Amino acid sequence: MPQLADHQTEFAARVAELEAERELTLRLAQTDSLTGLVNRGAFTSGLCERLEAARDSGAQVALFIIDLDRFKNLNDTLGHHAGDQLLAELGERLRAEARPGELVARLGGDEFALITNDTDISGRASRLISMLTLPQTIYGRTVVPGGSIGVALYPRDAQDAGDLQRFADMALYRAKALGGRRCSVFDADLRNESLRRRNLEAELRRAIPAGEIEPWFQPIIDSMTGRMVGVEVLARWRHPDQGLLSPAAFVPMAEELGLIKAIDEAIFEAACARAAPWVADDLIEVVSCNVSPRDLLDPGFSRKLIQRLGQTALPATALTVEITETFLLQDMALARRHIERLAAKGVNVALDDFGTGYSNLRSLMHLPIQTVKLDRSLIDDVGRDARVSKLVASMLHAARSLGVRIIAEGVEHEAQALFLRSAGCDRMQGYFFARPMPADEMEAMLREANGVTPKRAAVG
Ligand code: C2E
Ligand code: CA
Ligand code: CA
């Protein structure tokens, strides 16, 4: 008969087994599978613990956020496997670089972090930078990865983990903006920038329901007749203290904060209310609205837009929605669903900023996109630089053969307009014709130029 002691040993063994299993599961849940480093979740709790300890001991904690420069390029040219191998190798180097008590993590993608009590920030940064610039051999090819670093310090810069990460991120962003392959430490300039953004955020949340974001309009011209055939709707913020703000001052932040949807909806409604009568009076044919890639990632976007359009007086065939290639590339299947749903209702979809990204004319063949807007950066040198002129002419030619309409943006000089017209560009837009303007001015200009005599009066 088994003794009680046997049961106890068996029981103890089983408990140990379960504990080991639990530990393994826990470790796996905290580990990044590619590099074997701590993952983002475990990094965050590790950072909180270290700050807690530093609070008691009075030590300094430095957070280094490390990000590869142009990793996406490398991934695209060498392939994902090579990209993964590069990341794994870097993970290995970072692990070797870490000293006892330090925490190295992979935060995701090509972003890594180091948490340390080391007070020699610049010494550490230059070691890391040179480590990142060591050449690596991947599938027989030598690559020099190169990376940027952002640093923030506890308690000097921030008191909690959230702020410390945000500030290290801001420093990293600056390091990249300065050209990469360098380290940037959070400082007074970045603190001011952070305060400014906090204020702006609070104000933006208030401004949307207060109706301070309003639609401005820029005419779109028919190249052959010179007539204004449409308008593009462009957002402006009529800020109570700072005056009129252009989208560059608030659209990127609104996208980051998830407020862009509310802005786009408000602009859409206000623009339709103003411009629907222009269409009804035959002053223009098209009203073109910008839509953020963020909006488009919502699977219900096209359905809701069609529904909202139904509540306005604007016919679906008079609406163009401008989307960017960034979105097409993010989720091709979703893009197709939106574009097809809109096209089925007669809404035209235009590809904006063409010529800045991958500019894949082939992607157009597979989607019902009928309009492409050539980006200003291409138009700038048209008629001046023979190679750019040639490139644009061949793009126009290719688009025509696909049955796609081309709108050239940012036409500032007569020479550009003449060249584009002779090269067969259908429509143009730019300061040469008119700058964006408030609704009242746009309406006056349209009635003056296009409004023969008011049609309704003329009939009687
Ligand atoms: P975009 O869609 O490429 O708009 C064209 C931009 O070029 C506008 O800048 C316009 O004012 C400017 N522009 C037009 N002609 C010329 C020219 O001849 N020369 C020069 N230098 N610039 C010209 P804006 O109004 O500052 O808008 C900037 C960007 O902000 C827009 O680029 C668009 O991406 C975004 N945006 C504007 N309104 C909205 C909106 O309601 N929703 C969303 N999501 N984004 C918007
Ligand atoms: Ca646009
Ligand atoms: Ca554009």
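Predicted model: local features only at pLDDT ≥ 70, side-chain atom pairs only at ≥ 80, totals over all residues.
The peptide bond leading from Tyr154 into Pro155 is cis, and its omega is near 0°.

Helix α6 spans residues 161-177 and includes Ala177. With a relative accessible area of 63%, Ala177 is exposed. Ala177 and Ser148 are 29 residues apart along the chain, and 9.9 Å separates their C-alpha atoms.

## Positive phi values

Arg181 is in the loop between α6 and β7 (183-185). Its phi is positive, about 50°, although Arg181 is not a glycine. The relative accessible area of Arg181 is 40%, so this residue counts as partly exposed.

Tyr139 is another non-glycine residue with a positive phi, in this case near 45°. Tyr139 sits in the loop between β4 (136-138) and β5 (141-143). Tyr139 counts as exposed because its relative accessibility is 57%.

Ile66 belongs to strand β1, residues 61-68. Its relative accessibility is 1%, so Ile66 counts as buried.

Gln218 is part of strand β8, which covers residues 213-222. Gln218 is also buried, at a relative accessible area of 7%. The side chain of Gln218 makes a polar contact of 3.0 Å with the side chain of Gln429. A polar atom of the Gln218 side chain also lies 3.0 Å from the backbone oxygen of Ala434.

## The site of ligand 1

Several distances describe the polar surroundings of the ligand. An oxygen atom of ligand 1 is 3.2 Å from a polar side-chain atom of Glu232. A nitrogen atom of ligand 1 lies 3.1 Å from an N or O atom in the side chain of Arg376. At Ser292 the polar atom belongs to the backbone, and its distance from a nitrogen atom of ligand 1 is 3.5 Å. On its own, ligand 1 has 800 Å² of accessible area, of which the protein covers 82%.

## Cysteines without a disulfide

A disulfide is a covalent bond between the sulfur atoms of two cysteines. How many disulfides does the structure hold? The number is zero. For Cys272, the closest cysteine sulfur is that of Cys289, and the distance of 5.7 Å is too far for a bond. The cut-off used for a disulfide is a sulfur pair within 2.5 Å. Seen from Cys289, the nearest cysteine sulfur is that of Cys272, at 5.7 Å, and Cys289 is in no disulfide.

Are Cys272 and Cys289 buried or exposed? Cys272 has a relative accessibility of 1% and therefore counts as buried. Cys289 is likewise buried, with a relative accessibility of 6%. Buried here means under 20% relative accessible area.

Notes:
Residues numbered from 1 in each chain as written. Chains lettered and ligands numbered in written order. Heavy atoms only, no water. Buried < 20%, exposed > 50% of the residue type's maximum accessible area, 1.4 Å probe, protein only. Polar contact = N/O pair within 3.5 Å; in protein donor to acceptor, adjacent residues only side chain to side chain. Areas by Shrake-Rupley, 256 points an atom, 1.4 Å probe, with all protein chains shown as cover. Helix = DSSP H or I, 4+ residues; strand = E, 2+ residues; numbered from the N terminus.
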